[in-house]
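I opened this one up to see how its chains are built and where they meet. These are my notes, in the order I looked things up.

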Amino acid sequence: MFSNLPLLSILIWLPVLGAVVVLLTGGDKNAKLARIIGSSVAFANLMLCIPLYLYFDSSSYALQFAENHLWIRVYQIHYAIGVDGISLAMIILTNFTGLLVILAGCEAIKVRVAQYMAAFLVMQGMMIGVFAATDAILFYVFWEGMLIPMYLSIGMWGSANRSYASIKFFLYTFLGSILMLIALLYLYNQTGTFEIQKYYGLALSSHVQELLFFAFFLAFAVKVPMFPVHTWLPDAHTEAPSGGSVVLAALMLKLGIYGFLRFSMPIVPEACEALAWFMIVLSLIAIVYIGLIAIVQTDMKKLIAYSSIAHMGFATLGCFMVYDIIRHTANYQDAYMSLEGAVVQMIAHAFGSGAMFLGVGIMADRFYNHSRLIKDYGGIATRMPVFAAFFMLFAMSNVGLPGTAGFVGEFMVIVSALQAHFWIAFVSALTLILAASYTLWMYKRVFFGPVANEHVAEFRDLTWLEITNYTLLAFGVFFLGLYPTPVLNVLHVTIGHLLTQSMPLSIVH
Amino acid sequence: MNFTMPVFSVAIPDIFMLCMAAIALLVDVFLPKKKRIITFFIVQATLVITFILTVSQYIHYPSPIITFSGNYILDKLAIILKMFICVVSFFAFAYSREYVNERHIARGEYFILGLFAVLGMMVMASAYSFLSIYLGLELLSLSLYAMVALQKDSVDATEAAMKYFVMGALASGLLLYGISMVYGATGSIQMFEIGNLLVNSTPNQHMIVVLGLGFILAGLLFKFGAVPFHMWVPDVYAGAPTCMTLFIASAPKIAAFGITMRILVEAMPSVQVQWEHMLTVVAVLSMFFGNVLAIAQTNVKRMLAYSSIAHIGYMLLGIIAGPNSAEGYSAAMFYVSTYVIVAAGAFAIISILSKSGKEFEQLNDYRGLNSRNPWLAFMMLLLMFSMAGVPPTVGFFAKLGLLEALVEAHLVWLAALALLFAIIGAYYYLRMVMYMYFEEPLPGASSTPIKLAPDMMIAVSINGVAALLLGLFPSTFIDMCRISLV
């Protein structure tokens with residue numbers, strides 16, 4: 001029955017439609033209704049992922065659930081969507097996070113509830129669109145369209161410095177994307193189509209490849225964010241409401257990696273190979289230098305934001321190590337593990353850092369002036385034991401403790417990097433120490449010790465809604481940490497195919 | 001010289017409009033003061049009927065007809081431009097009604113002058129010789145000068161009218177001077193003949209024509225308001241009554257696009273390299289100064305004035321890329337017609353918010369608009385994002401078309417530059433959204449909910465939602481622009 005339904009279109013547009021309905025409930029006197037509609041739409045969307053997963057044929061790398069309609073005749077722009085293994089995993093993750101954020105918003109947001117729900121639902125729809133789009137312009141439309149609700153959510157429900165942070169966020173990402181648009185138009189002029197698949201294996205001179213590489217690089221590196229274009233992230237994360245931070249960390253950063261996998265590597269493989277050293281250096285800087293910066297943060301959200309950048313460094317490292325690995329070992333299996341490790345790291349990071357951002361939100365909402373400073377807290381473990389236990393789990397996932405989600409990806413990347421280059425593996429492995437120091441030191445200061453002040457003394461433990469949220473996230477952390485096979489199964493074939501597409505001819509022969 | 005009878009039937013919409021303008025003028029004189037609203041309805045009905053007549057022409061005249069001794073052309077471009085002009089003017093007048101009423105600006109005259117201005121634009125759309133182009137342009141300009149000045153008790157408006165008139169007259173002078181040079185070189189003022197005569201021009205002829213081209217472009221760019229001929233734009237936009245700003249910023253831009261296409265593309269393709277170079281300089285300067293200076297403004301009307309300068313710069317990009325790409329001209333036409341819709345919407349929101357003696361034109365007035373009237377704030381948000389060129393609004397697809405044409409014409413650097421300026425521009429549109437959504441009204445300022453008349457609400461909703469829907473389904477509109485320029 002599901003084979004005939006335009007399942008992907010429903011996934012994209014149901015939240016948008018839901019957003020319109022939510023807006024119709026009007027002002028805050030109908031806040032309860034808005035909450036119910038918002039969460040049921042998000043829930044329905046997550047449920048729709050079940051048939052998507054079940055009917056997905058993981059033995060094929062072909063695009064599935066494909067839809068294709070002519071959209072703009074002149075430029076041959078199509079409304080073309082479809083999923084492969086990577087996008088399927090990301091779409092499910094998006095829906096999972098979407099529900100989580102809406103549920104968290106039910107508790108935390110007291111003003112303009114309907115608009116909040118609508119903004120996050122639209123954002124969810126746009127993000128699914130980005131992962132599903134197989135037409136370059138459609139991709140770009142979703143990619144940019146998502147900025148509008150994110151901009152509004154930072155600005156409307158953020159903290160004191162929100163206007164600055166939201167405009168910085170918007171302009172930064174907007175600036176990143178422009179060269180990508182020109183690159184896409186250039187490819188269109190070469191091929192006469194905007195279909196992304198047609199760009200793979202295009203015979204482009206190495207000079208053109210390098211120019212295209214940098215055009216894509218700017219767009220995706222800003223999103224990841226990679227050093228040195230990461231400076232928008234700490235601001236955006238700190239000022240955003242905790243729901244916004246979760247979406248930023250769990251999903252929006254992944255778009256950058258997804259872009260590298262979908263555009264840079266298969267379209268300009270030679271440039272990627274030639275410039276892999278550049279990407280590896282930037283990734284290592286992110287892992288070590290940003291990790292050091294995270295240690296000295298006094299603001300919890302900023303700390304987690306910097307830790308996100310460091311963790312994303314792992315994902316980019318995993319992506320661009322493949323060339324070195326194959327050159328050294330000529331073994332596709334190792335390169336394959338590196339790439340898969342990067343994708344797993346992407347997914348794992350969503351659970352760990354998303355949960356920690358929610359946790360900061362939970363604490364700040366209870367504090368009288370919504371402080372996020374570490375020094376204002378202390379001894380929370382005695383007042384909120386359940387919360388402290390949950391937070392410990394997510395902190396451990398962030399550190400990369402075996403058995404949690406955070407371990408799998410990092411381990412895969414480090415082990416495969418070891419095949420190629422000892423020192424790269426060594427430097428990247430420093431993260432295990434750095435992550436432990438900034439995460440656990442923060443944990444110690446916030447949760448242990450004597451109760452810091454009378455405000456903390458009044459803290460009450462988690463509500464049932466917050467417990468539901470955290471249980472879902474804890475499930476994700478353990479699931480990916482202990483039994484990642486269902487996820488890896490979906491990824492296997494697609495990543496294998498991606499790897500062959502991303503290999504320049506010089507390496508293959 | 002033998003005289004051939006012109007084909008009057010092709011000019012029926014223009015003739016009808018002229019008759020109705022005359023009738024409205026007569027009727028208005030005899031109407032008692034309270035019933036002068038009738039003039040408004042006559043004018044609006046005229047626009048609707050003219051629109052219908054033009055649409056029927058679209059069906060009846062599939063191939064171009066040149067008549068009135070070569071002064072008048074009826075082709076797809078003329079017909080579609082006229083359709084746009086009628087629709088946009090209809091909305092502009094609809095928005096004006098309440099504003100004009102409340103401020104006791106001479107009501108009947110306002111709409112009658114407006115109708116003459118529309119007639120001028122219709123003539124411009126169909127003009128095929130320098131004579132008729134000048135005729136249409138002056139009919140339009142003189143009506144606009146008078147309309148700006150109609151608010152007699154406002155110092156700003158009078159000053160704006162004066163500036164507009166002096167600058168406009170100068171521009172007309174430049175245009176005429178350029179025309180005289182082209183006439184001197186070719187001995188013709190008819191577009192098609194000039195085009196033919198210039199194919200085999202002598203070096204001397206060529207030089208005079210290039211000189212003439214410079215003056216003609218200066219005149220045209222004055223009317224468009226592009227850098228370095230932009231000085232009047234902010235003053236006039238800010239000083240004129242808002243409904244008048246709306247009108248100046250909208251339909252005339254479409255008509256000006258029409259005559260630019262006739263002069264540059266149909267009469268002067270032989271000096272294409274020269275006008276491409278001149279326009280490139282003007283476009284880059286306009287995008288730069290328009291966007292940068294808009295950031296410094298605290299008055300929304302002035303800000304949008306600078307933004308319009310920048311947008312004209314973008315539109316010129318399409319004309320620059322036109323000769324070397326398949327879709328450059330149609331991209332420019334799509335750009336200008338969608339910009340006009342969006343700009344009209346933005347000025348309309350300013351004008352309908354300006355009620356009971358308070359002009360709603362400072363940035364600070366927009367603080368907290370979202371809590372005072374969420375729907376109106378949302379409409380303004382759509383229009384602002386459309387101007388910034390953020391998908392899925394129509395502004396993005398307009399820019400996309402231009403960029404595609406530029407890349408196709410191997411002007412990638414210009415495309416990158418255009419996008420860079422678009423980012424600078426995005427800042428002040430975002431700031432507007434920031435004021436409406438993130439800020440609270442200043443202490444002492446009114447913070448009560450804003451109620452609007454239902455007809456204004458509907459009109460502004462159509463306008464705002466159009467910015468979104470044309471973005472989601474732009475294909476038909478783009479095709480219309482393409483048909484008119486094959």
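I started at Pro228(B), which sits in the loop between α8 (203-224) and α9 (232-239) of chain B. My helices (H or I, at least four residues) and strands (E, at least two) are DSSP runs numbered from the N terminus. The bond joining Val227(B) to Pro228(B) is a cis peptide, with omega about 5°.

Before going on, I noted the ground rules. This is a predicted model, where local features need pLDDT of at least 70 and side-chain atom pairs count only at pLDDT 80 or more, while totals for chains, interfaces and linings use all residues. Residues are numbered from 1 along each chain as its sequence is written, with chains lettered from A and ligands numbered from 1 in the order in which they are written.

Then I checked chain A for a cis bond and found one joining Phe227(A) and Pro228(A), with omega about 0°. Pro228(A) is in the loop between α9 (206-223) and α10 (232-239) of chain A.

Arg112(A) has phi near 50° and lies in the loop between α3 and α4 (113-132) of chain A. Arg112(A) is buried, with 20 other C-beta atoms within 10 Å. My cut-offs, with C-beta atoms placed from the backbone: buried means 20 or more other C-beta atoms within 10 Å of the residue's own, exposed means 12 or fewer, and partly exposed is in between.

Ser69(B) also has a positive phi, near 55°. Ser69(B) is in the loop between β1 (65-67) and β2 (72-74) of chain B, and it is partly exposed, with 15 other C-beta atoms within 10 Å.

**Asn95(A)**

I looked up Asn95(A) in helix α3 (residues 85-108) of chain A. Asn95(A) counts as buried, since 24 C-beta neighbours fall inside 10 Å. Which residues does Asn95(A) touch, not counting those up to four places away in sequence? They are Asn45(A), Leu46(A) and Cys49(A), where contact means C-beta atoms, placed from the backbone, within 7 Å. Asn45(A) is 50 residues away along the chain, yet its C-alpha atom is 6.5 Å from that of Asn95(A).

**Each chain as a whole**

For chain A I get 23 helices and two strands. Its radius of gyration (over C-alpha atoms) is 22 Å, close to the 23 Å that the globule rule gives for 509 residues, so chain A is as compact as a globular protein of that length. That rule is 2.2 Å times the number of residues to the power 0.38. The C-alpha trace of chain A spans about 70 × 55 × 40 Å along its principal axes, and 61% of its 509 residues are buried. Of the contacts in chain A with a separation of 6 or more, 81% join residues 24 or more positions apart.

Chain B has 20 helices and two strands. Its radius of gyration is 22 Å, close to the 23 Å from the globule rule for 486 residues, so chain B is as compact as a globular protein of that length. I noted a span of about 70 × 60 × 40 Å for its C-alpha trace along the principal axes. In chain B, 59% of the 486 residues count as buried.

**Helix pairs in chain B**

Helix α4 (residues 107-126) and helix α5 (residues 130-149) of chain B pack at about 160°, with axes 7 Å apart. I use lines fitted to C-alpha atoms over the stretch in contact as axes, and angles run from 0 to 180 degrees between N-to-C directions. The pair α4(B) and α5(B) is therefore roughly antiparallel; angles over 145 degrees get that label, under 35 roughly parallel, 65 to 115 roughly perpendicular, and the rest oblique.

The axes of α13 (residues 300-321) and α18 (residues 412-438) of chain B come within 11 Å and cross at roughly 165°. That makes α13(B) roughly antiparallel to α18(B). Their contact is made by residues including Ser307(B) and Tyr314(B) of α13(B) and Phe421(B) and Gly425(B) of α18(B).

**Where the chains meet**

Last, I turned to the interface: 27 residues of chain A are in contact with 25 residues of chain B. On the chain A side, α7(A) gives the most, with 13 residues.

Definitions and conventions: Two residues are in contact if their C-beta atoms, placed from the backbone, lie within 7 Å.
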